[in-house]
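Visitor: I have a structure open and would like to learn how to read it feature by feature. Could you walk me through it?

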Amino acid sequence: MRAHVTMQARSGDGAFLARVNGAAFAGVVHSAFHRAVNIACLSNGELHTLVTGDLDDGPNSLVVVTEDFLAIGICQGDSVRAGGGSLAIAGKAMVNVAGAVVWRTPVPETHCATGLLRRRLAEAEATIRCNGTPGGFIEGMADTEVARLTTRMLHEGADGLALALGRGDTDAALTHARRLLGLGPGLTPSGDDFLTGLLAARALCRRQADLGSDAFAHGVIRLAKSATNPIAYAAIAKAARGEVRERVARLIIALGSTTAEPPSQALAQVLAIGSSSGTEIAFGVIRGLASLIDNGEWDHGHQDRH
Amino acid sequence: MAIKTAIKRNTYFDSVSLMSVTGRANAVAGVDQAMIGMGTAMNKEVLQNVGMLTPEAAEAQSGDLMIVVRSASDEIAEQALVEIDELFKQKGGNESGRKMNYATIESAVAHVPGANLAIIAVAGEFASREARRALESGLHVMMFSDNVSIEDEVALKTLAHDKGLLMMGPDCGTAYIGGVGLCFANAVRAGNIGIVGASGTGSQEVAARIHDFGGGITQIIGTGGRDLNEKVGGIMMIDGINALARDPATEVIVLVSKPPAKSVQDKVLAAAASCGKPVVACLLGGSEEAVTKAGLQFGKTTKEAALKAVIRAGRKEEEINKRALNLPLIAETRAKLKPEQRYIRALLCGGTLCEEMMLIAKESYDNVYSNIAKDPARKLKDVSTSIEHTFIDFGDDDFTRGRPHPMIDPSQRLARLVQEARDPSVGVIVLDFILGYGAHEDPAGVMIPALVEAKQIAATDGRHLEILGYVLGTDLDSQSLAEQTAKLSEVGVTIASSCTNAGLLARGFVSKEI
Amino acid sequence: MSSINDLFSKVSVINVGLEMFKDDIEKQGGSAVHLDWRPPAGGKPELIDALEALARPEIAARIETANQEAVERILKSQPVLVGFGPALEVVPGMTKTTILHAGPPITWERMSGPMKGAVTGALVFEGLAKNLEEAAALAASGEITFSPCHEHNCVGSMAGVTSASMFMHIVKNKTYGNVAYTNLSEQLSKILRMGANDETVIARLNWMSDVLGPILREAMQIAGEIDLRLLLSQALHMGDECHNRNVAGTTILIQKLAPFILETSFTTAQKREVFDFVASSDYFSGPTWMAMCKCALDAAHDVPHSTILTTMCRNGVEFGIRISGVPGFTWFTGPAQKVIGPMFAGYKPEDSGLDIGDSAITETYGIGGFAMAAAPAIVPLVGGTVDEAIGFSVRMAEITTAENPNVTVPLLNFKGVPTGIDMRKVLQTGIMPVINTAIAHKEAGIGMIGAGITYPPMEAFEKALLAFARQEGVAG
C-alpha cells in the first residue's frame with residue numbers, strides 16, 4: 001500500500017538521525033498524541049520521539065513538519081521501520097530525514113558569578129510562582145485532599161532533596177528523589193518533571209560533566225526505571241546524562257552563563273511546556289542550580305571546564 | 001463514602017487532557033473527589049494516605065492510568081466513572097471531530113448526547129415504524145408524515161402518553177419548541193402564550209397574529225389533524241394542554257382546531273378548564289356555547305383568539321393595533337366589479353386558512369364549494385373545475401399525492417390562477433403567501449408573472465379583476481414580510497392583514513349589499 | 001428519557017426524511033442531526049410485513065434470546081491452530097475425486113471462468129488428467145464430485161478449489177470442540193485460487209504438498225497449538241483488517257512458527273525455501289484467519305430462532321448466506337456482485353470476474369471490511385478517506401449485535417469489532433455488510449488483477465427473511 005503521508009523532518013537528535021540514515025532502526029509506537037509520538041526502539045529499548053513542527057528539539061527526538069499525528073491515524077502498536085534516510089510508521093506515514101538539521105543539547109560555554117546566579121534564581125522563582133501552571137508544585141488545580149497532599153509531598157521531597165544535595169549527602173538525596181519519582185498528576189508525574197529539570201541543570205553546569213562522577217544521577221536513573229512510566233523515565237535518564245530538550249537547555253544557559261539576555265524569555269518558553277510540566281521542570285532547574293552553589297561546585301574551577 | 005476505581009491499562013493521554021479531565025471530573029455532581037493519575041508507587045501512596053487506595057488501584061502499574069472517585073454512594077461513584085469515561089472519549093476526539101452518518105434512530109440516539117426529539121418526514125407507510133422506534137428510544141416525536149392509519153396513530157399516541165412523551169402528528173406541520181420553529185413555523189417573539197394546535201397553518205396564523213399584536217409565544221405543540229377524531233380521543237391535545245399547564249413560562253393557552261367530535265370536545269374542554277391557566281379556544285366553526293359553558297374564552301376567528309390571548313397575557317387593549325377591517329376599500333372595490341363578477345375563488349396553501357375563509361363566506365352565501373367541504377353536496381366533484389364560490393386547499397391530498405406541498409412547489413397554483421382569471425364570473429381571487437421556516441424563499445416572487453398575466457387577461461376582457469393577497473408571516477421571518485407585501489402591491493394585489501380579514505374582505509367585495 | 005420540560009428548554013433533533021427541516025433548525029441555532037434513512041427492505045410490502053411479524057414482542061423476545069446465544073458462541077470461541085495435513089486425510093467427506101469449491105453449491109456448467117480454471121488445474125495437479133483439455137472433459141463427465149467447502153467444515157479463498165492432496169490448516173475450537181479447515185496460501189497473484197493453472201502454478205502446488213505442507217505439519221507437531229484469536233487481535237492493533245491487509249498478521253504468524261520450523265527434520269535449504277515463500281507475499285496468513293473465523297462461526301450455527309448470519313460466501317456466480325436459526329446447509333442466494341476498486345496496471349473493470357470466495361467469512365466474524373477502521377492504510381482500496389474507512393466500521397455496528405471485546409480497534413478508542421450480523425437489521429436499515437476482497441480476472445488462467453470492496457445482493461437477505469418468517473410460523 002502506498003497510502004502513507006510523507007513528511008519531512010526539520011531537525012533531529014544527531015544519534016537518532018544517524019540511526020535513521022544508517023543502520024536499520026525498528027520499533028513500535030509506544031504512545032501517540034496529537035503533537036508527539038513515542039516509539040519504543042526494539043534493539044535498545046529506548047523511547048524515541050517524533051514531535052510536530054511547533055515543538056522544540058530534544059534528546060532522541062525528530063521535529064517533523066506536520067500538525068497532528070493522530071489525524072494521520074498513528075496509534076499505539078504501529079510498527080516503525082527506518083533505514084536509508086526515511087522512517088516508516090505502519091503503512092501510514094513516511095518521515096524523510098534528508099536535509100534535517102542535526103541537533104545536540106546546547107551547553108553553557110561560561111558560568112556567571114555566584115551572586116548573579118542567586119539573583120537570577122530568585123527572580124525566576126518569583127516568576128514561576130506568579131505565572132506557573134497549577135497542578136503539582138503550585139496548588140489550585142483541584143481543591144481536593146489528593147491534590148493538597150500531593151503538593152505537600154512534592155515540596156517536602158524537593159526541599160529535602162535540595163538540602164541533601166547542598167551538603168553532598170548522596171544517600172539522603174536519593175531517599176528524597178525516590179519519594180518524588182512518579183508523584184503527582186499528569187502523563188509525566190510532577191515529581192519526575194522536577195527531577196528532569198534538576199538533573200539537566202546539574203549535568204550541564206557541573207565541573208565534571210561526565211555522568212560517571214555523579215553517583216546521585218546514576219542512582220536516580222536506577223530508581224526511575226521501575227518507579228515511573230517509560231515516557232517520564234526516558235526524559236529523566238537523558239537529563240541525567242546532560243541531554244534535555246532545547247527549551248530547558250536554553251533556560252539553564254540563560255540562568256547560568258554570562259549572557260546579557262534576561263532569562264525571562266527562556267523561562268516563558270519552558271513554562272509553556274505541557275500542562276504543568278513546564279512549571280515543575282523550571283522549579284527543578286532552579287533547585288538544581290542552587291544545589292551547585294550550596295555544595296560549593298559553582299565557585300570552584302568552572303574556569304577550567306573548557 | 002463510596003470509592004470506585006477504573007484502570008486504563010497502558011493508556012497514555014497527554015498531560016493537558018489529563019489535567020482538563022481531572023478538573024472536570026472533580027466538578028461532576030456528587031463527586032467528593034476524583035484522582036486521575038499514572039499508577040506509580042508514589043501516587044498510590046498518596047491514595048493510601050487519603051484512604052482511597054482500592055485493591056484495583058493497588059494493582060495498577062506505572063504505565064496504567066488510575067481513575068479513583070470518592071462520593072456519597074456507590075451509584076453516584078459508578079455514574080461519575082461513566083461520566084469521566086465520557087470526558088476521555090471527548091478528549092480522545094476519535095469520533096467527535098468527525099461527521100458521522102447514522103442510519104437508524106437507535107444509533108443516532110446512542111451517539112448524540114441530549115437528543116430529545118425526532119422529526120419523522122418519510123413516506124407514510126414507513127412513518128409509524130420510525131416513530132415507534134423513536135418513542136421506544138425515549139424521544140419525543142413530531143411526525144410530519146401523513147397517510148398513516150388511524151389505528152397506528154392511536155397506538156403511537158397511547159405509547160407516547162404512557163411514556164410521558166409528546167407524539168405530535170401524524171400530519172403535524174408546525175411546532176415551536178424550546179425557541180426553535182420546527183418544519184413550517186414563523187419566527188415569533190418569545191413570550192408567555194402557549195398554543196396547542198390540531199392544524200398547522202391555524203397555529204401559524206394565531207402565532208403570527210399574537211406576534212403582530214405585541215404578544216409572544218412559549219411553545220407551539222402540534223397534535224396532527226385527526227387528534228380530535230373520536231377514535232383518537234384528543235390524547236395529544238389533552239397531553240399538550242397538561243404540558244403547557246406545567247410549563248412555568250406559559251401563562252395563557254390557546255387551542256386551535258376544527259370542531260371536535262362531541263365526546264372528544266367535552267373531554268378536551270374539561271381538561272382545559274381544569275388546567276389552572278386561562279385558555280382561549282379557537283374551534284373554527286365550533287360552538288361558542290360549549291366553550292363558554294366550560295368556563296373558557298371563545299375565539300370565533302383566529303384573529304379574535306389571538307387578540308383575546310394577548311389581552312389575557314397582560315397587554316393593554318388600548319395599546320394594540322387591532323387592524324380593523326377597511327370598510328371604504330370594500331365599497332371602492334365593489335364599484336369596480338361588473339354585476340356578473342359575483343364569485344370568490346380562493347386558491348390557498350394553508351388548510352386552516354382555507355377553512356376559516358370558507359366559514360366566513362358561508363355565513364353570507366350558501367353556494368360555497370371546496371375540495372375540503374364536509375357536505376358532499378358542496379364538495380367539488382372535479383377539483384380542477386371551480387363552481388361559483390370555490391375555496392381550494394392546495395395542501396390537501398388531492399393536490400399533494402406524490403408531489404411537494406404547494407408551500408414549496410407553486411406550479412399547480414400558478415396554472416389555476418390563470419385559469420380563474422379567464423372566468424368572467426370571478427370577482428375576486430384570494431391567495432395566501434406563507435413565510436417562515438420550511439416555506440418557499442420567495443413565495444410572492446414566484447407568483448408575480450402569473451399575477452400580471454391574470455390581471456392582463458381580465459383587462460383585455462374589459463373587466464377589473466380583484467386579487468386579494470394575504471401574507472402569513474412576521475417581521476422576524478427570513479423572507480422579509482415588508483418586501484413580500486411590496487412585491488404584491490406593485491402588481492396591483494390588495495393586501496389583507498390577517499386571514500380573518502382576508503375572508504371578510506373577499507366576502508364583502510362580491511356582496512350585493514353592505 | 002427527556003421530560004417534556006427539558007424539551008421545552010432545549011430541543012435537540014434527530015431528523016428523519018426531509019433534510020431541509022434540519023437546515024432550518026440549524027439556522028435558528030438549534031441542534032439537529034440528519035439520519036441517513038432508507039425505507040426498510042427496499043420498501044417491499046411482503047418483506048416489511050415479515051419484519052413487522054418478527055417484531056411482535058413474543059417473537060422478537062425469542063429471537064433476541066437466540067441471537068444472544070449465537071453471538072456468545074462467536075465471542076467465546078477460542079480457535080487455535082493445531083496442525084496441517086492433506087485434505088484427503090483430515091477433511092470430513094473428502095475423496096480422491098472430490099473437488100471442494102468456494103461459495104454456495106454450483107455445477108461445473110455454471111461455474112465462472114476463474115473457478116473452471118482452478119478446477120481443471122487441480123485435476124491436473126492431482127494426476128486425474130494429463131492436461132487442461134482432458135481435465136475439462138473429466139470435470140464435465142460427472143465423475144467428479146463438486147461440493148462447497150462450507151459443507152465440509154472448510155473455507156476456501158477465491159475459487160476455493162481444494163483437492164485431495166492439498167495441505168490444510170487444522171483449526172480447533174477450544175471452547176466448543178469443532179474443527180475448521182482451509183488450504184494454504186499460494187502467495188503471489190498468478191495462482192490456482194484465482195483461476196490460473198499453467199505449469200508454474202502446478203509446480204508450486206506440488207512443492208506446497210511435498211515440502212511446505214509437511215514442514216508446517218511437523219512444526220505444529222512440535223509446537224502443539226497456536227492461539228489464533230490472540231494473534232488476530234494483535235494484527236488488528238498493527239494495522240491489519242485481516243482480509244485484504246495481512247502484513248502484520250503474516251509477520252506475527254511466521255514469528256510464532258519459525259522456531260518450530262527450524263526444529264523440523266527438513267534440510268536448511270528447504271526451510272529457507274519456506275521462509276522465502278512466506279516472505280514473497282503478505283497474504284500468507286490470510287487463509288489462517290479465514291479458518292479461525294469459520295471455526296468460531298460454525299459453533300454459532302444452528303441456534304434455533306436466531307437471525308444471525310453464520311456464513312457469507314460467493315462462488316463467482318452466486319452469493320450465498322446461511323442463517324444460524326435455519327439449520328444445516330440451507331443456502332439463500334442472489335447474484336454475485338462486481339467488486340469496485342483499483343485494478344493492476346493493464347486491466348480494466350470489464351476484465352473483472354464477479355465477487356468470489358469464502359473469504360467473506362472474515363466479515364461475517366467482524367473483521368475485514370467491518371474492521372476497516374483498524375487499517376487506515378487500505379483506504380486507497382476503498383477510494384476514500386480515513387474518515388470513510390472509520391465510517392464503515394461505525395456503520396457496520398448498525399447491523400450487528402455486539403462488539404467483540406477480544407478483537408478491538410485502537411482508532412475507535414479500542415471499541416470491539418462489530419459482531420453478529422443480524423439479517424433483520426440488514427433489511428431494516430438497507431445497510432449491506434461491506435466486504436473487502438480481491439478481484440480475479442473473469443477468464444480462466446489469468447489470476448488476480450486488483451482488489452476492492454463489494455456488497456452482498458439484497459436478494460439473498462430477502463429470501464432468507466421470508467424463509468425464516470415461514471419457519472417461525474409468522475408469514476405465509
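**Reading the chains, an interface and a helix**

Guide: Let's start with chain A: among its contacts with a separation of 6 or more, 67% are between residues 24 or more positions apart. Two residues are in contact if their C-beta atoms, placed from the backbone, lie within 7 Å. Before going on, note that this is a predicted model, where local features need pLDDT of at least 70, side-chain atom pairs count only at pLDDT 80 or more, and totals for chains, interfaces and linings use all residues. Residues are numbered from 1 along each chain as its sequence is written, while chains are lettered from A and ligands numbered from 1 in the order in which they are written.

Visitor: What is that percentage for chain B, and what is it for chain C?

Guide: For chain B it's 70%. For chain C, 72% of the contacts between residues at least 6 apart join residues at least 24 apart.

Visitor: Which residues touch the most other members of the largest nonpolar core?

Guide: In soluble globular proteins, nonpolar side chains tend to be buried together. A nonpolar core here is a set of buried Ala, Val, Leu, Ile, Met, Phe, Trp, Tyr and Cys residues joined through C-beta atoms within 7 Å. The largest one has 268 residues, and Ile236(A), Ile252(A) and Val285(A) touch the most other members. Helix H12 (residues 286-300) of chain C gives this core its largest share, 10 residues. Apart from it lies another core of 152 residues, including Leu117(B) and Val188(B).

Visitor: How do chains B and C meet?

Guide: The contact involves 41 residues of chain C and 44 of chain B. On the chain C side, helix H1 (4-9), strand S1 (12-17), helix H2 (20-27) and helix H15 (386-396) each supply at least two residues. Strands pair if DSSP finds at least two bridges between them; strand S4 (residues 117-121) of chain B and S1(C) pair in the parallel sense over 5 bridges.

Visitor: Why do the buried residues of H2(C) line one face of the helix?

Guide: An α-helix has 3.6 residues a turn, so residues three or four places apart point the same way. In H2(C) the buried residues are Phe21(C), Lys22(C), Asp24(C) and Ile25(C). Seen down the helix axis, they fall within an arc of 160 degrees (taken from the directions from the axis to the C-beta atoms), so they line one face of H2(C). Their cover includes S4 and strand S8 (180-183) of chain B, together with S1 and strand S2 (31-34) of chain C.

Visitor: Which residue follows H2(C)?

Guide: That's Gly29(C), with a positive phi near 85 degrees.

Key:
Helices (H or I, at least four residues) and strands (E, at least two) are DSSP runs, numbered from the N terminus. A residue is buried if 20 or more other C-beta atoms lie within 10 Å of its own, exposed if 12 or fewer, and partly exposed in between; C-beta atoms are placed from the backbone.
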